[in-house]
Amino acid sequence: MNSMRTNSTFGKRKKLEVGDLVWWTELNDISRKNIGIIKSFKEEIKGGRKLLYAVVLRTKDNLTEEIFIAVLHKVEEKSI
C-alpha cells in the first residue's frame, strides 16, 4: 500500500510574519474585506497534505480565527 507524502507544505508564507496586519475576503462575500493581525502560524495535515494556516486576531471583534495562508494579503502602507 502506498502512503501519501506530506513533506511539502501547501500554502506558502508569502513573506508574512507574526505581527503583520493582513486582509482577506470570505468566499460567500468577496466584496467585504476582513482585517486582522497574525498571532502565529499552524500546520495541519488534511487529505494527506500539510496545510499552513495563520492564527489571526480579527480587528472587528478581537476574536481569533485560523485562516488558510493562501487567502491572506499583507496590508501595505499605500493601501490604507
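Which strands each supply at least two residues of the lining of the largest pocket? They are β2 (21-26) and β5 (64-68), strands being DSSP runs of E with at least two residues, numbered from the N terminus.

The model is predicted, and local features need pLDDT of at least 70, side-chain atom pairs count only at pLDDT 80 or more, and totals for chains, interfaces and linings use all residues. Residues are numbered from 1 along each chain as its sequence is written, and side-chain values use heavy atoms, without hydrogens and water.

**View 1. Aspartate 20 in its loop.** Aspartate 20 is found in the loop between β1 (9-10) and β2. Its relative accessibility is 12%, so aspartate 20 counts as buried (under 20% relative accessible area; exposed is over 50%, partly exposed in between; 1.4 Å probe, protein chains only). The side chain of aspartate 20 reaches the backbone nitrogen of glutamate 17 at 2.8 Å.

**View 2. The salt bridge of aspartate 20 and lysine 74.** Aspartate 20 forms a salt bridge with lysine 74 (a side-chain nitrogen of Lys or Arg within 4 Å of a carboxyl oxygen of Asp or Glu). The closest N and O atoms are 3.8 Å apart. Lysine 74 lies in strand β6 (residues 73-74) and aspartate 20 in the loop between β1 and β2, so the pair ties together parts that are 54 residues apart in sequence. Lysine 74 is partly exposed, at 37% relative accessibility.

**View 3. The salt bridge of glutamate 65 and arginine 58.** In this pair the closest N and O atoms are 2.9 Å apart. Glutamate 65 is partly exposed at 21%, whereas arginine 58 is buried at 16%.

How values were computed. Helices (H or I, at least four residues) and strands (E, at least two) are DSSP runs, numbered from the N terminus. A polar contact is a pair of N or O atoms within 3.5 Å; within protein, one must be able to donate a hydrogen and the other to accept it, and residues adjacent in sequence count only if both atoms are side-chain atoms.
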